Amino acid sequence: DDRFNVRELVGRGKLLVTKSYEVGQPYSGIVNLVSGEIASDVAAYFAYSEQVPSVVALGVHLDYTGVRVAGGVIAHVLPGASDDAIGELEANANAMDPVTTQLLRGDGPEAMIAAIAGRMPTKRLRAYDVLFACRCTREKVETALLGLGQDELRKIAQEQSQTEATCEFCKRIWVLSSAEVSTLAAKLGGE
């Protein structure tokens, strides 16, 4: 049918999702792949790992030059949603044009949301620009290290001349001297 067999390409295995927040440790969730189809596996991740029923529609259109368009829409079901509302979302997702068709004709996010919502009312709360850029800073590294606790930081400062922390996003390596780690430990002890 002139389409890539994504299921065969992805195969069986696990899906690992890591979410990094401004402070604290990243959250990681892992689930088994249920189908090898990316949208189905992402929906399963939301259902099993985050326990949020979701309808996911994704698409990628390739041509001889590479990826021409790619995108998708995710509808999370809020707590207390009726089975009818969930069924309507699923029916809308199955009935709407493929995501790649919508993108190729120039449909924007609002049109895709309207397609998956159908006759359900929608309300825009806020918009975010998607930016794949790292926001790691020395302060964030220090905050993460403080989470180890005073005793562990003192032990690290005594055993190692320097401590390295690697950003999970950009892979930048942050290096702190033994004295800097001792200073962090002192912050926790009120010294």
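Which residues in H3 meet which residues in H5? I opened my notes with that. The model is predicted, so I kept in mind that local features need pLDDT of at least 70.

**Entry 1: H3 and H5**

I looked up the H3 side. Glu-88, Leu-89, Asn-92 and Ala-93 make the contact there. On H5, their partners are Ala-115, Ile-116 and Ala-117. I sorted the residues of this contact by type: five are nonpolar, one is polar and one is charged. Then I checked the geometry. The two axes come within 7 Å and cross at roughly 120°.

**Entry 2: the largest nonpolar core**

I listed its members next. The largest nonpolar core has 11 residues, including Leu-89, Ala-93 and Ile-116. Val-55, Ala-57, Val-73, Met-96 and Val-99 are also among them. Strands S3 (54–63) and S4 (66–76) each give two or more residues to this core, as do helices H3 (83–95) and H5 (109–117).

I picked out Ala-57. Leaving aside neighbours within four places in sequence, Ala-57 is in contact with Gly-71, Gly-72, Val-73, Met-96 and Val-99.

Another core lies apart from the largest one. This other core has 10 residues, among them Val-141, Leu-145, Trp-174 and Leu-184.

**Entry 3: H8**

I followed Leu-184 into H8, where it is buried along with Val-181, Ala-185 and Ala-186. What do the buried residues of H8 pack against? I found helices H6 (138–146) and H7 (150–159), plus strands S5 (162–166) and S6 (173–177).

Last, I checked the span. H8 covers residues 178–189, 12 residues in all. From first C-alpha to last, H8 reaches 17 Å, close to the expected 16 Å.

Terms used: Residues are numbered from 1 along each chain as its sequence is written. This is a predicted model: local features need pLDDT of at least 70, side-chain atom pairs count only at pLDDT 80 or more; totals for chains, interfaces and linings use all residues. Side-chain values use heavy atoms; hydrogens and water are left out. Helices (H or I, at least four residues) and strands (E, at least two) are DSSP runs, numbered from the N terminus. The expected span of a helix is 1.5 Å times one less than its number of residues. Buried means under 20% relative accessible area, exposed over 50%, partly exposed in between (1.4 Å probe, protein chains only). Contact means heavy atoms within 4.5 Å. A nonpolar core is a set of buried Ala, Val, Leu, Ile, Met, Phe, Trp, Tyr and Cys residues joined through side-chain atoms within 4.5 Å. Axes are lines fitted to C-alpha atoms, for helices over the stretch in contact, and angles run from 0 to 180 degrees between N-to-C directions. Ala, Val, Leu, Ile, Met, Phe, Trp, Tyr, Cys and Pro count as nonpolar, Asp, Glu, Lys and Arg as charged, and the others, Gly among them, as polar.
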